[in-house]
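Here is a short briefing on one protein model. Look over the sequence and the fold, then read the points below.

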Amino acid sequence: MATIDAGVETGVSFALTDEQKALRELAREFAADEIRPKAASYDELSTHPADVIAKAHELGLMNLHVSEEFGGLGLSAFDGMLVGEELNWGCSGIGTAIGANGLGAGPVILAGSEEQKAQWLPPLLDEPILCSFGLSEPDAGSDVARMKTTAVRRSADYVLNGSKTFITNAGYAAWTVVFAKTDPSQGHRGISAFVVPMDTPGVTIEKHLDKMGQRSTDTSAFALTDVVIPAANLLGEEGDGFKIAMRTLDFTRPGTAAGAVGVAQAAYEHAVEYAKERVTFDVPIAMHQGVNFMIADMATQIEAARLLVWQSAWLHDMGQRATLQSSFAKLFAADTVMKVTTDAVQVFGGYGYSKEYPVEKLMRDAKLFQIYEGTSQIQRLVIAKEIFLPRES
Ligand code: CAA
């Protein structure tokens, strides 16, 4: 059991380095100058933000965790989380579109061979191309082991058949890591992971989803019909796919939780400004306890969520397995952003429910944090398993 002394021994600090402050500042300026001005119109039209992605790429705000050896910056989980909060403060639709390469490339970074990393990662740094993470299926979202997509070995190739849905950026991706069953009799142990170039014959984008929020991130469904890919595109060994997916999600959930904190922070700032300006009963509404207590709760919950995010990212950077803390962070930040944005709409009253003010979009955007990268119920399930059935590795 860790004690407070453990913190002293390991040098826990809430102070950012100068480099981290500069990185956060860069991301904040980018969010303010390049993302925010486009957030409302891109949301309304559900526009794929290719122009903003290209600028983010140019500034080095994408593919943060690709190591220097493969042309990247090799930033830490903590650094990535700082960037994620700021981009999502700008707009979580655009922020998710920019950040989703982290999820797409995660399996290659975690489980790819040196040759596979050299093949798939440097092009992401050379050009603003996208990759995606093909896990969910129409009948298997939370219950990953139920997936039906198959991959059958045929001499030097695999032939894939099935369908994937709710895949971020799939409609614009150059390649997707597709999870498929190589041995359907083995449940989760029969799942394998493959890099599938999206221009391979037999890959068909079936639809772009028309979503409630985060509308400028593409979320697509695609079919795989007799898709032939080289056996060299298998990541790890046959049967490793389930654990590759889980390890990837352990790594990306703090970043997603950071995005939720960014949206909550934006809603909070709007609510504070509005509460200072709007007058009822002869005083600004900030003077009414009914309002200022809501804002006090928002500030407290956001700070608590941010600390959980920082802790989970820090644990990753210490080389420790952070399944439990990643789920703490994702669960708490997702539920926090939903509460904070809902209360921000309440502070704005009727205006908050109108598209003329920014908070209704933030409330719509917030809902997705309780669903993607594992619902809030799945995070509770992971936490309960870690408490009652802890794993060794
Ligand atoms: N790291 C390493 N190994 C892990 C692990 C982890 N985090 N979690 C589980 N495992 C291992 C277990 O030890 C077990 O190993 P053995 O085979 O050696 O026994 C094996 O994996 C199976 O584990 P479980 O018995 O816990 O598996 P389960 O079938 O009960 O499911 C689950 C567990 C946590 C519910 C999992 O199915 C899950 O995470 N579901 C949610 C999936 C999800 O987040 N989907 C979102 C996709 S991304 C997205 O949203 C789209 C997008 O583009 C943004």
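**Salt bridges and helix packing**

Asp-335 is partly exposed, at a relative accessible area of 24% (buried means under 20%, exposed over 50%, partly exposed in between; 1.4 Å probe, protein chains only). This is a predicted model: local features need pLDDT of at least 70, side-chain atom pairs count only at pLDDT 80 or more, and totals for chains, interfaces and linings use all residues. Residues are numbered from 1 along each chain as its sequence is written, and side-chain values use heavy atoms, with hydrogens and water left out.

**Salt bridges between helices**

- The structure holds 18 salt bridges (a side-chain nitrogen of Lys or Arg within 4 Å of a carboxyl oxygen of Asp or Glu).
- One of them joins the side chains of Asp-335 and Arg-380, at 3.0 Å from N to O.
- Asp-335 belongs to helix 11 and Arg-380 to helix 13, so this pair ties together parts 45 residues apart in sequence (helices are DSSP runs of H or I, at least four residues, numbered from the N terminus).
- Arg-380 is partly exposed, at 43% relative accessibility.
- Asp-51 and Lys-38 also meet through their side chains in a salt bridge (3.0 Å, N to O).
- Asp-51 sits in helix 3 (residues 50-58) and Lys-38 in helix 2 (residues 18-45), so the pair links parts that are 13 residues apart in sequence.
- Asp-51 is partly exposed at 31% relative accessible area, and Lys-38 is partly exposed at 22%.

- Asp-365 and Lys-361 form a salt bridge, with their closest N and O atoms 2.6 Å apart.
- They lie 4 residues apart in helix 12 (residues 359-369), which means a separation of about one helical turn.
- Both Asp-365 and Lys-361 are buried.

**Helix 13**

- Helix 13 (residues 376-388) has 13 residues and should span 18 Å at 1.5 Å a residue; its end C-alpha atoms are 18 Å apart, which agrees (the expected span is 1.5 Å times one less than the number of residues).
- Ser-376, Ile-378, Gln-379, Val-382, Ile-383 and Glu-386 are buried in helix 13.
- These residues cover an arc of only 160° around the axis, so they share one side of helix 13 (the arc is that of the directions from the helix axis to the C-beta atoms).
- Gln-377 and Phe-388 are exposed on the other side of helix 13.
- The buried residues of helix 13 pack against helix 9 (241-277) and helix 11 (323-348) (contact means heavy atoms within 4.5 Å).

How values were computed. Helix = DSSP H or I, 4+ residues; strand = E, 2+ residues; numbered from the N terminus.
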